[in-house]
Amino acid sequence: MKTKSLLLLAALFLLIVPAGCIFSPDGGDDTGGGEPPAPAIPFAGSEDQLMLNFRTVYEDMDFNSYRDMLHPDFLTILQSSTVELYPDVGPTLDLEEELRIAERMFSGEPQINPDGDPVPGISSISFDQLEQQGSWATSPANDVIPNARFGLFEVVFRFERPGFSTLMVTGSIKFYVAGRDSFYNGQDRTYWQMIGQQDLTQDTAGP
């Protein structure tokens, strides 16, 4: 099976959610069955630690930690080919849309799309590669995400689906991050959050 990219996969998960079933990042009364919270990820005191945390939350499929690492102004920038296939999605995904996708993707549960067709759940996510190309830099004022730190990463993701083909994603993703002042362990420290991703990945196929 082919998938355009990690972000096209995310768009597919966005589209299978029926209207009116949108995750609210403000929380709610549904606290689940009293399951213990997932272990806290390390404090993101640098851009590099934030990316290590990103890998951890994806491989652990840890929605709560992923939500916490995203900046309120988070934006995903989709490829034009993705927008052409799914014009209703638009050229970007905002924080609420990204969280809606991640909640369902990390749940591992199969979904039913608006046409009534089943969509298999993802049982595990792994990285064969998450390697930075070059150094962190600052985006210019005319960038789609201006005045943020960014790094280009070569990625290879595997999305396992029991009884179905493995989805693979390969190519580049440009990650944008932003720091803010915080007080941690008795010290003033910069806390880094992910403020954006730009999809530059390729067509790829699973085994």
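A residue is called buried when its relative accessible area is under 20%. By that criterion, both Phe157 and Phe159 are buried in this predicted model.

**Stop 1: helix 5**

Select residues 95–107, which form helix 5. The helix has 13 residues and, at 1.5 Å a residue, should span 18 Å; its end C-alpha atoms are 18 Å apart, so expectation and model agree. At the start of the helix, display the side chain of Asp94: one of its oxygens comes to within 3.3 Å of the backbone nitrogen of Glu96. At the other end, helix 5 is followed by Gly108, which has a positive phi, near 75°. Colour the buried residues of the helix next: Leu95, Glu98, Leu99, Arg100, Ile101, Ala102, Arg104, Met105 and Phe106.

**Stop 2**

Which residues surround Tyr66, leaving aside its neighbours within four places in sequence? Tyr66 is in contact with Phe54, Val57, Tyr58, Glu98, Ala102, Phe106 and Gln197.

**Stop 3: aromatic rings**

A pair of aromatic rings is described by the distance of the centres and the angle of the planes. The whole structure contains 16 aromatic pairs. Select Phe43 and Tyr184, a stacked pair with 4.1 Å centre to centre and 15° between the planes. Phe43 is in the loop between helix 1 (6–16) and helix 2, whereas Tyr184 is in strand 8, so this pair links parts of the chain that are 141 residues apart. Phe43 is buried, at 18% relative accessible area, while Tyr184, at 32%, counts as partly exposed.

Return now to Phe157 and Phe159. Their ring centres are 6.0 Å apart and their planes meet at 20°; because planes under 30 degrees apart count as stacked, this pair is stacked. Both residues also belong to a cluster linked by ring pairs, together with Phe54, Tyr58, Tyr66, Phe106, Phe127, Trp136, Phe153 and Phe175.

**Stop 4: a charge over a ring**

Finally, select Phe150 and Lys174. Lys174 lies over the face of Phe150, at 4.4 Å from the ring centre.

Conventions:
Residues are numbered from 1 along each chain as its sequence is written. This is a predicted model: local features need pLDDT of at least 70, side-chain atom pairs count only at pLDDT 80 or more; totals for chains, interfaces and linings use all residues. Side-chain values use heavy atoms; hydrogens and water are left out. Helices (H or I, at least four residues) and strands (E, at least two) are DSSP runs, numbered from the N terminus. The expected span of a helix is 1.5 Å times one less than its number of residues. Buried means under 20% relative accessible area, exposed over 50%, partly exposed in between (1.4 Å probe, protein chains only). A polar contact is a pair of N or O atoms within 3.5 Å; within protein, one must be able to donate a hydrogen and the other to accept it, and residues adjacent in sequence count only if both atoms are side-chain atoms. Contact means heavy atoms within 4.5 Å. Rings of Phe, Tyr and Trp (its six-membered ring) pair if their centres lie within 6.5 Å; planes under 30 degrees apart count as stacked, over 60 as edge-to-face and the rest as tilted. A charge sits over a ring if NZ of Lys or CZ of Arg is within 6 Å of the ring centre and within 35 degrees of the ring normal.
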